[in-house]
Amino acid sequence: MVEYHADDYGLFPEQSRHIIDCYHNGALNGISIMPNSPYLKECMDAIEDIRKDLFVTVHLNFVEGKPLTGDKASRLIGPDGNFNIGFIKLLVMSYVPVLRLLYFKQVKKEVEAQIEACRPYMNDDGFRIDGHVHYHMIPVIFDAVMDVIKDKNLQVSYIRFPKEEISIYKKAASKLTGISFVNVLKVLILNFLSARNQRKYRNELDSLKVEDKLFMGVMMSGHMFYDNVKACLPFAGEILADRGKSSMEILFHPGDVSNSTDIALLTSKDDYNFLTSQNRFKEAEALKKFGGNLKR
């Protein structure tokens, strides 16, 4: 089973319509939803008739917009009340004992608030969890996630571990375009953090029966074009066969932000550059080419 997945659903109405068009006219069968977006309910109401056909996932967000816990997340925001905490800073805080505790308390409250905000939209009375820009892999955040799961006795069927098989890209290298040094570095960091989190919580993850899927989407982030993904699929299939598995998640970002009013509301410079890029159209085209209107 291939999950063709799009992040950032619910950020803005028009941007979300661009995403869901890839379901109606392409292969999209999974979305991650933005818990702190003021447009989340509107965007989820718009897909009420097809929500059961989609893998719906909580997209924990510590990057874009304002926290749901407001000023209680004082260490995570800037003077304007928007998130303003970098990945590397949170990663460092994860390993500084005293500071870690201070950040952990605020992170945990925000994680709980975001998960609860998404509860009405989860399918099958269970949760799926991932994170915007994969912040959920940062130890202080992942530990908070696991604490909330335990405290609230949440049923969780899937947590995205963005651990990529580098061998796939080596084998397909001659046919790939757009792979950058930054993305290679991201893969190495996320592979390390994924391994840490899976190792630390192996028993809890097994108890929850969290599904372990092969993942693709960071190495070619920003360039998940049809030809790139197609070149990698045979080698991904070989890995699945060798492991006796059949499930993988392929991450796309087809939701371009093109409305000038929405563009002005973006609070993260990185999100601005990424979500307004013409490459979002190309990733949407890729999903439509893969086609088939796949269901869960």
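Is the crossing of α5 and α7 right-handed or left-handed? The views below, all taken from a predicted model, start with that helix pair.

**View 1. How helices α5 and α7 cross.** The crossing of these two helices is right-handed. Helix α5 covers residues 139–151 and helix α7 covers residues 181–200. Their axes come within 11 Å and cross at roughly 30 degrees. Angles under 35 degrees count as roughly parallel, so α5 is roughly parallel to α7.

**View 2. The residues where α5 meets α7.** On the α5 side, look for P139, F142 and D143. Across from them, α7 brings in L193, R196, N197 and K200. Sorted by type, the contact residues are three nonpolar, one polar and three charged.

**View 3. The open sheet of seven strands.** Read across, the strand order is β5-β4-β3-β2-β1-β7-β6, and the pairing is parallel. The edges belong to β5 (156–159) and β6 (214–216), each of which pairs on one side only. From one strand to the next, the twist averages 30 degrees.

**View 4. Zooming in on β6 and β7.** Strand β7 (residues 248–252) pairs with β6 in the parallel sense, over three bridges. To find your way around, pick out F215: its bridge partner in β7 is E249.

Note on methods:
Residues numbered from 1 in each chain as written. Predicted model: local features only at pLDDT ≥ 70, side-chain atom pairs only at ≥ 80, totals over all residues. Heavy atoms only, no water. Axes fitted to C-alpha atoms, helices over the stretch in contact; angles between N-to-C directions. Helix = DSSP H or I, 4+ residues; strand = E, 2+ residues; numbered from the N terminus. Parallel < 35°, antiparallel > 145°, perpendicular 65-115°, else oblique. Left-handed = near helix turned anticlockwise from the far one by under 90°. Contact = heavy atoms within 4.5 Å. Nonpolar A, V, L, I, M, F, W, Y, C, P; charged D, E, K, R; others polar. Pairing = 2+ DSSP bridges.
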